[in-house]
Amino acid sequence: MIQTGISKLDGYLKGGIPYGKSLIYYTSPGVEGNVFGMHTLYHNLSAGKKCVFVASSSNPQAIRDVFREFGWDLNDFSERLFIVDAYSSLVGSISKEKYVVVDPENIDSISNMLRKVMEELDESVIIIFESLSTVMDLCGEKETLAAIENWNKYGMVYDNVLIYNFTAWPYQRDTLEAIKHELFDAVITVGGIAERVIFGQYFGVLNANWSDIPPKSMLFRVLRPGGIRIFIPKILVTGPFDAGKSTFVHALSTRAVSVDRVGTTVALDHGHLDYKGFSADIFGTPGQERFDPIIKMLSGEAMGIFLVVDSTVPKDFVRAKHMLDITKAQGLPLVVVANKQDLSNALKPEEIRVHFNIPANVPIVPAVAAKGEGVFEAFDTLIEKITEVA
Amino acid sequence: MSGYSLGIKELDDRIGEIREGTNIMMIGPPMSGKDEIINSIIYNGLKNEESAVVVSTRDPGERIFDWFSQHSLDIEDSHIGIVDCVTKTLGMGAVDTDKIKRASSPVDLTGIGVKISQFFDEFLMKKNIQEMRLCINSLSTILMYSNIQTVFRFLHVFTGRVKAANALGIYVVEDEMHDPQTIATLKQLFDGMIEIKSSDDDFLLRVVGLTPKPTPWFDYEIDGVNFTMKECE
């Protein structure tokens, strides 16, 4: 078994990737999924393993430069790293690599070179594709899908591990379905957290046939130098005084603590939640106006916002809107929690939408935080918005 | 938030404000001043405190800054981000800077897309600049290395991102370099066109698709970001 070098992912994969298996990083456009393959390559070179990198959209020198940005010098491993150059011929430049694909627009030319590499190396190696999508763009969807089956079979015969970086451009639906569910032993999805733009990234295990792995997702950042790093997000809970924010934070959290005085939050509520494979830190703000400067401090780098309102006090909705402005969180995923729905004079969510003039794309979730009702539905809704790719 | 303008008075007067999320193709023959026009459109945005993300497939990123310097145009450096698809292709080992991120090659659409997204995030979320322009100069270079289906998929994603970000997208295409089918395929993705054609010894320019009727053709001369426009009969 080899490791990906991304500790949380190796944990999800029950230790890593067994020899003879294939894995694909299935990445949304605009997200840095290609770094996963690079991270895995460097980790295994450092661990003394022999690796092959199939370059399809960059010349080999540019690839070495990109690795160097992460603090990874491939020259240290020239005895154990083999680059299959499937790029230079495309742009008419001369390659210095031992393995050169003569016609990168012909899938047979790539297949023949891969088979040659596997035969010549004749031992377990890790083969990483810089960009399967570029191969597919150049050689055709059907042709590439057929070739992948053969590559993976060769990989199994030679006890190799094959790892593919793939950008999920809007290919034909059948192609994407085959890639996600049929061709590979494991699929790791790499996506973006988006509202108007992608401002965060996550990965998750879609499937892995060597183990029963529950769906898990994790936010990450790419550091230069450093590579992939797990990222724990901040979720902000704000709203007017006595709307039930602290109750909401405590009801939602696996563990929580509040800085309060006589039952009123004077600094913050903080909770940590592990739920459905997401690990999140929840920060609750005070509601009284005299603590407004704290809201601004707490809202920095929040990934999403719960705006908790007391459904029985419509006069506070103006204050709620003002608090939202203070967070300076324009563009962040937002869910309104219509709390205290068990009280007789509570406005229904759609009545709140009208009173509060809430846009149709902002969900309003009914809740009774004191009884724990609606809080996880609200969390699911916010996570769905946070992990949505534009 | 209000709409966008091109910064070319005669055209802006005719088309009014360009609504957020609009994608425009600029198509014209070689040597017709498309680089100057796109640079002046970028400058107009920067002047209005917008941000600009420029994907350069023909010139290294530094050249774009040089163009502004040569024309004595004072721009806010922190509002512009360039995705340079040239330097690494030439084997020059330049590293990324705050203002210039370098893709491996024009083939590397994945890398280009990542770098566009990073600049979008930086300008809109981190710097809170709500108006933004994306300029790709040019699609024709990308089409030299990738087929039309590949480029269509790439543009399908990023014209969508421009809409989602309420930005303005402008994409340069060389006329006479592609077959009519390719141009027809690309047109499906855009809301309008800045069209340039040659006429005798001059070039004429008009805007199509942003108003119910195309603007008239204008004979034009460019000096830096200054346009002299003359409406044709």
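Two residues are in contact if their C-beta atoms, placed from the backbone, lie within 7 Å. This is a predicted model, in which local features need pLDDT of at least 70 and side-chain atom pairs count only at pLDDT 80 or more, while totals for chains, interfaces and linings use all residues. Residues are numbered from 1 along each chain as its sequence is written, and chains are lettered from A in the order in which they are written.

**View 1. Helix α6 of chain B, residues 148–164.** Helices (H or I, at least four residues) and strands (E, at least two) are DSSP runs, numbered from the N terminus. At 1.5 Å a residue, counted over one less than the number of residues, the 17 residues of α6(B) should span 24 Å, which agrees with the 24 Å between its end C-alpha atoms. After α6(B) comes Asn166(B), with a positive phi near 55°.

**View 2. The buried residues of α6(B) and what they pack against.** A residue is buried if 20 or more other C-beta atoms lie within 10 Å of its own, and the buried residues of α6(B) include Phe154(B), Leu155(B), Phe158(B) and Val162(B). In chain B, the buried residues of this helix pack against β1, α4, β5, α5 and β6, and in chain A they pack against α6 (132–139).

**View 3. The contact between chain B and chain A.** Chain B brings 28 residues to this contact, and chain A brings 26 residues. On the side of chain B that touches chain A, the elements giving two or more residues are α4 and α6 of chain B, and α4(B) gives the most, with 9 residues.

Technical notes: A residue is buried if 20 or more other C-beta atoms lie within 10 Å of its own, exposed if 12 or fewer, and partly exposed in between; C-beta atoms are placed from the backbone.
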